[in-house]
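Please look over the model shown below, with attention to its salt bridges, its nonpolar cores and its pockets. The report that follows takes these topics in turn.

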Amino acid sequence: MKNFVKGLLAACVGTAVFATLFAHAAPASASASASASAAYPERPITLVVPYAPGGSADALARVLAVRVGQKLGTSVIVDNRPGASGTIGAAFAAKAAPDGYTVLYDATPYSINPHLFPRMPYASNALQPLALVALAPNIVIVRAESPLKSIKDLVDKAKAEPGKMNYASGGSGTVQRLAAELLRQRLGLDMVHVGYKSGGPAIVDVMGGQVDFMFSTIAASYPLVSSGKLRALAASSPQRSARLPDVPTLAETVAPGYEAYEWNGLLVPAGTPAPIADKLHKAVIEVLKEDDVKRRFVDVGVQPVGSTPAEFAEFLKKEDAKWAEVIRKGNIKLD
């Protein structure tokens, strides 16, 4: 009995010692983690853009990279990884270490791809939203000599001649295609899609009259609209664009409630420590409030946003649901 009591006391003492050691070790570990977060960033940050250099997403990402790097006291290096409608670059970022040194600058195809690709190269929860950076409305464009003077003219002609009107896009996974499909579904139109490998050749053929119209970003088509080589009939945003204030919206003319955007946003690998994500987010928001940055965005027809991570997550949920329905109803497949 005496030996049993001694053993029990020894066990209790051992447990107490272990608990004491653990209690001291846990704060030390937390302290080390907090210290690492406080020191962030200690080296350059890679901003992955899953599209080719020269596009609107790439151009805006570079504006952001320079100023965010200055805010954080480091370099932000833009790493273009185009291919497969943005999924190659997104997969690279999704599989990176969640340490704040790899950030994804993605766009609307991020919400479209899961409903077109039979299998995605990364898990749906592999990335976490950081901030919605910008919204860019599309505009409906026709050649300057087109008899279609308004969006109502276009819709009336499509209804009067089912299956004869055609529209261009840079491919099935683009907002150009799906914005037109959304309009087609909303108004019950019968039109023919003509897909191209990118938006540039599609615009050229609209200008040349090979196709009737297309949805295009303001950044890509504004110079041609302002020079009189293209005519803008309507904008896809609920409000008129500050860059083209005389161009009405689809919502105010032929399709009440219509809304479609090219968006740009930042995501980080899931599991990125909150203090690091917060520091990144704060820098991005501060940069988007700068007058020079806002001017550069607005000059290309883009509205800077700067949301919270929660707001961006909610936005992504709505985008996912909208494009999933459009793709399903239109039976759209990859080109």
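Lys71 is partly exposed, with a relative accessible area of 38%; here buried means under 20% relative accessible area, exposed over 50%, and partly exposed in between, with a 1.4 Å probe and protein chains only. The model is a predicted one, in which local features need pLDDT of at least 70 and side-chain atom pairs count only at pLDDT 80 or more, while totals for chains, interfaces and linings use all residues. Residues are numbered from 1 along each chain as its sequence is written, and side-chain values use heavy atoms, with hydrogens and water left out.

**Salt bridges**

Side chains of opposite charge can pair when their charged atoms come close. Across the whole structure, 17 salt bridges are found, a salt bridge being a side-chain nitrogen of Lys or Arg within 4 Å of a carboxyl oxygen of Asp or Glu. Three of them are set out here.

| Pair | N to O distance | Relative accessible area |
|---|---|---|
| Glu286 and Lys71 | 3.5 Å | Glu286 32%, Lys71 38% |
| Glu181 and Arg184 | 2.8 Å | Glu181 3%, Arg184 22% |
| Lys322 and Glu319 | 3.3 Å | Lys322 23%, Glu319 5% |

**Nonpolar cores**

A nonpolar core is taken as a set of buried Ala, Val, Leu, Ile, Met, Phe, Trp, Tyr and Cys residues joined through side-chain atoms within 4.5 Å. The largest one has 53 residues, and those with the most contacts inside it are Val140, Leu154, Phe213, Phe215, Leu250 and Tyr258. Helix 6 gives the most to this core, with seven residues.

**Pockets**

On a 1 Å grid over the protein atoms alone, a pocket is an open set of points where a 1.4 Å probe fits, with protein on both sides within 12 Å along at least five of seven lines, and lining residues have an atom within 4 Å of a point. The largest pocket has a volume of about 990 Å³, a volume being the space filled by probe spheres set on the points, which are joined across faces, edges and corners. Of the 46 residues that line this pocket, Tyr51, Pro109, Thr174, Gln176 and Gly199 are the closest to its centre. Among the elements that give two or more residues to its lining are helix 2 (56-72), helix 6 (175-187) and strand 4 (127-143).

The second largest pocket holds about 290 Å³ of space. Its lining has 15 residues, with Tyr110, Pro114, Ser124, Leu316 and Asp320 nearest the centre, and helix 12 supplies the largest share, four residues.
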